[in-house]
Number of protein chains: 2
Amino acid sequence: MTFEQRSALPASARTVFFVSDGTGITAETFGHSVLTQFDLRFRQIRLPFIDTLDKAHEAARKINEVAAADGQRPIIFSTLVKTELSSVIRQCNGMHMDLIQTFVAPLEQELGVKSTHTIGRSHNIVDSEEYKNRIEAINFSLAHDDGQSHKNLTSADVILVGVSRSGKTPTSLYLAMQYGIKAANYPLIPDDFERGKLPSSLYEYKSKIFGLSITPERLSEIRNERRAGSKYAAIENCRYEVNEAEMMMKREGIRWLSSTTKSIEEIATTILQEIKPDRREY
Amino acid sequence: MTFEQRSALPASARTVFFVSDGTGITAETFGHSVLTQFDLRFRQIRLPFIDTLDKAHEAARKINEVAAADGQRPIIFSTLVKTELSSVIRQCNGMHMDLIQTFVAPLEQELGVKSTHTIGRSHNIVDSEEYKNRIEAINFSLAHDDGQSHKNLTSADVILVGVSRSGKTPTSLYLAMQYGIKAANYPLIPDDFERGKLPSSLYEYKSKIFGLSITPERLSEIRNERRAGSKYAAIENCRYEVNEAEMMMKREGIRWLSSTTKSIEEIATTILQEIKPDRREY
C-alpha cells in the first residue's frame with residue numbers, strides 16, 4: 001500500500017474514504033493496516049466530524065462524485081455510530097467497510113446489553129481522567145527530556161537512558177501521548193562512562209529505568225545528519241559510546257533493547273511489556 | 001466503557017484481549033472505539049508481537065486460562081495477518097473479532113488481487129520515507145516549540161500561535177507524531193499585544209499560521225495548576241490576554257479555533273482540514 005498525492009498516482013488508483021463522526025483516526029489507522037496487505041496504490045480522502053444528517057448527505061455527494069469521476073467505486077472505511085448517519089453513507093456508490101455495524105451488533109448479543117450509540121469517545125473526552133493524564137504526561141515528559149530535571153522523578157513511570165540520539169525523546173513523547181505514561185529520559189554521556197556509573201540521581205529509581213541502545217553505524221549516520229564531520233558523529237566515537245553504554249547497562253542489570261530497526265511504536269510496546277507501570281494492565 | 005485495574009473491577013467484568021503480530025495498537029484503538037459503545041467495564045490484556053506459531057500457542061493458552069478463571073469467554077480483537085497464526089487463536093474459547101479476516105477477503109474480491117499477507121507495516125517501517133518524515137517532524141516541532149527558534153520556518157507546514165497554555169505544544173507534537181507534519185509554535189505575549197502586531201518574524205509565513213484560543217476561565221484554571229495565585233493565572237489577566245489575542249487574530253485574518261472543549265486529536269484534525277499541507281490530501 002502506498003498513499004500518494006493525487007497528481008503522482010496512475011488514473012487507475014482506487015480512492016479510499018475514511019468517514020467518521022469524530023476525528024477519523026480509528027477509521028484511518030484501521031484502514032491503513034488492512035490496505036497494507038495489498039501491493040497497490042491508493043488515494044485517500046478523510047471526511048471527519050460527520051455528525052449531522054446534512055454533513056452525511058454532503059459526504060455522500062462527495063463520495064458519489066469521486067465514484068463517477070474515477071469510473072470505479074471507492075472503498076469506504078467508516079466509524080459512524082448513529083444508524084441514521086451510517087445509513088446515508090451506505091446508500092453511496094462505494095464498497096462499505098463499516099467498522100461499527102460489523103462488530104457492535106454481535107457484541108450486543110454476546111454482552112447481553114444494547115450499545116449506547118453515543119458518538120465515539122470524542123465528546124467530553126477533554127474532561128475525562130484518561131485525557132487529563134495524557135496531557136499531564138506530555139508536560140512531564142517534555143520537562144524531563146534529556147535529563148533537564150531531577151525533580152519529581154518519583155512520579156515518573158519510566159526513565160529511559162541511552163546515548164545521545166538513541167531514540168529516547170520520541171519514545172518518551174509517544175509513551176506520554178498514546179498511553180499517559182510519564183516518561184523521563186536521561187542521556188548517558190562520556191562523563192558517566194569515565195566514572196563508570198549511572199548518573200547518581202538515578203540510582204534510587206533503578207526499577208523504573210529502561211535502556212535504549214543502537215548500532216554504532218546507525219548512530220553515526222543519525223549524528224552526521226545533525227553535525228556532519230564532528231567527533232560526536234565519528235564512527236569510532238559512536239563505537240566507544242555504544243560499547244560503554246551497553247557494558248554499563250549490563251553491569252547495572254538494566255533492561256534494554258536495540259532501537260536500530262524498531263519504530264517508536266514497537267519500542268514503546270516493548271517497554272510497556274517490560275516495565276508494567278502500575279496503573280495499567282498489559 | 002471503562003478500563004480499570006484488575007483489583008478494582010467486579011468479578012463479572014469481561015476480559016478483552018488485543019492480539020497482534022505487531023504492536024497491537026490498531027487492534028487496541030479499534031477495540032476501544034467499539035467497546036466505548038457499551039456502558040460496561042472491561043479488563044484488558046494486550047498480546048503484542050505474536051509472530052510465530054509458538055507465540056500463538058502461548059497466547060491461546062493464556063486466553064483459555066482467563067476464560068476458565070473468569071467463567072465466561074473473553075472478547076478477542078485480533079489483527080493477525082498470517083492465516084496459520086490466526087487459526088491458532090480462533091480455536092480459543094473466546095469471541096473472535098478478527099479485523100483482518102473480516103475485511104481482507106472481501107477486499108481481495110473487490111480489488112481483483114490477492115493480499116500479500118505480509119506482517120502489518122511493522123517490518124521495515126523504520127526505513128520508510130513516511131517514518132523518517134515523522135521522526136524529522138518530531139525533532140522539528142521540539143526545536144520550534146514555544147518560539148524557541150526562527151530558523152527554518154520556511155520548512156514548517158504549520159505555525160500555531162496563541163496565548164501561553166492554550167494547547168499549542170501538545171497539538172504540535174501530535175501533528176508531528178501522527179502525521180509527520182512539521183509544526184512550529186509561537187506564544188502570543190503581552191509585548192505583542194502592546195505593539196498590536198504579530199511577532200515580526202511570522203509575517204512572511206502568514207498563510208501557514210493557525211491560532212488556538214481558549215476561554216479565560218479554563219485558561220485561568222490551567223495556569224493556576226502551574227502557578228497558583230500568580231498574576232499570570234489571575235482571571236483578569238487571562239481575560240485580557242485572550243481578548244487581545246482573539247482581536248489580533250481577527251485583525252490579521254488568521255484562522256483559529258477554541259481549544260477549550262477539544263482534544264488534541266480533534267484540534268489536529270481541524271487544523272489539517274484548514275491548512276491542507278501540500279504533502280497530504282484530506
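Below is a working chat about a helix pair and a sheet in a predicted model.

Student: What are the ground rules for this model?
Tutor: Local features need pLDDT of at least 70, side-chain atom pairs count only at pLDDT 80 or more, and totals for chains, interfaces and linings use all residues. Residues are numbered from 1 along each chain as its sequence is written, chains are lettered from A and ligands numbered from 1 in written order, and side-chain values use heavy atoms, without hydrogens and water.

Student: At what angle do the axes of α5(A) and α6(A) cross?
Tutor: Roughly 165°, with the axes of α5 (129-143) and α6 (168-179) of chain A coming within 7 Å. Helices are DSSP runs of H or I, at least four residues, and strands are runs of E, at least two. Axes are lines fitted to C-alpha atoms, for helices over the stretch in contact, and angles run from 0 to 180 degrees between N-to-C directions. α5(A) and α6(A) are therefore roughly antiparallel (over 145 degrees).

Student: Which residues of α5(A) meet α6(A)?
Tutor: A:R134, A:A137, A:I138, A:S141 and A:L142, which meet A:S172, A:L173, A:A176 and A:M177 (contact means heavy atoms within 4.5 Å).

Student: Now the sheet. What is the strand order in chain B?
Tutor: β7-β6-β8-β9, an open sheet of four strands with parallel pairing (at least two DSSP bridges between two strands). β7 (183-187) and β9 (255-258) of chain B are the edges, each with a single partner strand, so one side of each has no neighbour in the sheet.

Student: How much twist?
Tutor: An average of 25° from one strand to the next.

Student: Which strands does α10 touch?
Tutor: Helix α10 (264-275) of chain B packs on the sheet against β6, β8 and β9 of chain B, and its direction makes about 150° with that of β8(B).

Methods: Angles under 35 degrees count as roughly parallel, over 145 as roughly antiparallel, 65 to 115 as roughly perpendicular and the rest as oblique.
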